[in-house]
Amino acid sequence: MEHLHAENWFQLHFGLIFLITGVLLLVVYALSDANNTIPGLGLFAVFFMSALLGWVAFALQQGSNVPMMVDVPSVASVMTSYIFFLAAGQRAKIYQGRYLLGAFCLIACLSVFFVVPQQMFVIQALAATVFYASAGVVSALYSWQTRNLGDALLAIAGLIMLIGVPFALFEWLQQGDLKSAQQLTFSIYSAAYVLVAVGFLAGVVIEYQQKLTQMATEDPLTQLLNRRGLEHAVQVTIAHASRQQSHTAAVLIDIDHFEGVNSNFGHDAGDQVILQVGEVIQHKCRTSDVLARTGGGEFLLVLPETDLDGARILAERIREDVSAIPMVANQQRIPITVSLGVAGAVGEIKLDTLSGEAGRAMTLAKMGGRNRVASVENKPVYLSSREQRG
C-alpha cells in the first residue's frame with residue numbers, strides 16, 4: 001500500500017476510464033452494424049470519445065510543469081457535457097433546448113480566453129452541471145415512458161452532478177481551498193461518467209431485449225400481434241371465460257383472391273391492402289378485443305364476453321366496410337372483399353379449437369361465393385342412455 005501515492009491513484013483512475021471507454025466504443029461499433037440501431041448511438045460514441053480525449057488532456061496538464069496557454073480540459077469538459085445532452089435528447093427524441101444550450105456551450109468555451117483559471121473552473125463546472133442536469137431530465141422522461149432502467153441511471157448521473165458540483169463550489173467558497181474543490185469535482189465527474197457508461201450499456205441491453213420480445217410476438221408489417229403474441233394475449237380471456245362460464249367468440253377474416261392482388265399489382269400493393277384491411281378491422285374492435293395477423297391476408301379476432309350473434313353482427317359490419325372503402329395502392333384502386341368465419345363457445349375453451357372452427361366457417365364462406373359471413377357454434381353434445389329413452 002505504501003506505493004499507492006496520489007500519482008499512482010491517478011494513473012489507476014485514468015487506466016480504468018480508458019478501459020471503460022474502450023469497451024463502450026467496441027459496443028457502439030458492434031451495434032452500428034445492426035439492422036435497427038438505437039437512437040442516439042452515434043452521439044453517444046462521440047461523447048465517449050470526447051470524454052476520453054478530455055481525460056487525456058487533463059492527464060497531460062497534471063503531469064506537465066509547463067502551464068498550458070489554454071485550459072483545454074475545461075473546454076473539453078464543457079463540450080463533452082453538451083454532447084451528452086444532445087445524445088440523451090436524440091435517444092429520447094426530445095430536441096427542445098438544444099440551440100439555447102448550444103449557445104450557452106459556445107459562450108462557456110470562449111470564456112477560456114477572457115477569464116482567469118479560477119473563474120474558468122467555476123464556469124466549466126456550472127456549465128457541465130446544467131448540461132448533465134438537462135440530460136438527466138430528458139433521460140428520466142424517456143425511462144418513464146419506456147420502463148428502461150438504463151436511462152434511469154443516466155438521470156441519476158445528472159442528479160449527482162446537480163447536487164455534487166454546487167456542493168464542491170460551496171466548499172471552495174467556505175474554505176478557500178481550490179485544489180480540494182477541484183479534486184472533489186473530479187471525483188463527481190468520474191462517478192457521473194461511470195454511471196453514464198453503465199446506464200448506456202444497461203439501456204442498450206434492455207432495449208434490444210424489448211425489441212426481440214416485440215419481434216417474437218408482433219407482425220412487422222401491421223404492428224399487430226402474430227400467432228404467438230395472440231396466444232399470450234388471450235390467456236387472461238380464456239381463464240376468465242373458464243371461471244365465469246362466459247361467451248367467447250372468434251372471427252377469422254381472409255382477404256378474397258389475395259394471391260391475385262400480389263400477382264397483378266405486386267407485393268408492395270399487397271402489403272398496402274393488408275395494412276388498410278387491418279385498419280378497418282381495428283376501427284371496429286373494442287379495447288378488450290384481441291386482433292392478430294395470422295397469415296398472408298388472414299386476420300384472427302378474438303372477442304371476449306361476446307356470443308355468436310354479436311360476433312356475426314360485428315363480422316357483417318367489417319365485411320361491409322372493407323367492400324365499401326376503396327383500397328388504393330400505388331395510385332391504383334383495387335376492389336377488395338373479405339370472407340369471414342365466426343365461431344363461438346361458452347366456458348372453457350382452447351384457442352386452437354376456436355380458431356379451427358372459425359377457419360371451418362370461413363371455408364364455408366369461401367365455398368359459398370366469398371364476400372360473406374358464415375358461422376359455426378360449439379355446443380356440448382348430450383347422449384341419453386337406452387333406459388332413459390325407453
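## Basis of the model

The model is predicted: local features need pLDDT of at least 70 and side-chain atom pairs count only at pLDDT 80 or more, while totals for chains, interfaces and linings use all residues. Residues are numbered from 1 along each chain as its sequence is written, and side-chain values use heavy atoms, with hydrogens and water left out.

## Overall architecture

The protein has 14 helices and 7 strands. Helices (H or I, at least four residues) and strands (E, at least two) are DSSP runs, numbered from the N terminus.

Of the 390 residues of the protein, 45% count as buried. Buried means under 20% relative accessible area, exposed means over 50%, and partly exposed lies in between (1.4 Å probe, protein chains only). A contact requires heavy atoms within 4.5 Å. Among contacts between residues at least 6 apart in sequence, 72% join residues at least 24 apart.

## The cavity

The structure holds 1 cavity of 30 Å³ or more, and the volume of the largest cavity is about 30 Å³. A cavity is a set of points, on a 1 Å grid over the protein atoms alone, where a 1.4 Å probe fits but cannot get out; lining residues have an atom within 4 Å of a point. Grid points are joined across faces, edges and corners, and a volume is the space filled by probe spheres set on the points.

By class, the lining of the largest cavity comprises 6 nonpolar residues, 1 polar residue and no charged residues. In this scheme Ala, Val, Leu, Ile, Met, Phe, Trp, Tyr, Cys and Pro count as nonpolar, Asp, Glu, Lys and Arg as charged, and the others, Gly among them, as polar.

Ser50 is found in helix 2, which spans residues 41–63. With a relative accessible area of 16%, Ser50 is buried. Residues up to four places away in sequence aside, Ser50 touches Thr80 and Ile83. The side chain of Ser50 also makes a polar contact with the side chain of Thr80, at 3.5 Å. A polar contact is a pair of N or O atoms within 3.5 Å; within protein, one must be able to donate a hydrogen and the other to accept it, and residues adjacent in sequence count only if both atoms are side-chain atoms.

Val198 belongs to helix 7 (residues 178–217) and is partly exposed, with a relative accessible area of 43%. Val198 and Gly150 are 48 residues apart along the chain, and their C-alpha atoms are separated by 7.4 Å.

## Cysteines

The structure holds 0 disulfides, a disulfide being a pair of cysteine sulfur atoms within 2.5 Å. For Cys109, the closest cysteine sulfur is that of Cys105; the two sulfur atoms are 4.1 Å apart, and therefore too far for a bond. Cys109 counts as buried at 11% relative accessibility, whereas Cys285 counts as partly exposed at 21%.

Asp256 is found in the loop between strand 1 (247–255) and helix 10 (258–265), and is buried with a relative accessible area of 4%. Beyond its neighbours within four places in sequence, Asp256 is in contact with Thr337, Val338, Ser339, Lys366, Arg370 and Asn371. Its side chain reaches the backbone nitrogen of Asn371 at 3.1 Å.

Ala365 is found in helix 13 and is buried, with a relative accessible area of 1%. Leaving aside neighbours within four places in sequence, the contacts of Ala365 are Ser339, Leu340, Arg370, Arg372 and Ala374. Arg370 lies in the loop between helix 13 (351–367) and strand 7 (373–377), and is partly exposed with a relative accessible area of 31%.

## Positive phi angles

Arg370 has a positive phi of about 65 degrees although it is not a glycine. Glu305, likewise not a glycine, has a positive phi of about 55 degrees. Glu305 is placed in the loop between strand 3 (298–304) and helix 12 (308–324).

Technical notes
On a 1 Å grid over the protein atoms alone, a cavity is a set of points where a 1.4 Å probe fits but cannot get out, and a pocket is an open set with protein on both sides within 12 Å along at least five of seven lines; lining residues have an atom within 4 Å of a point.
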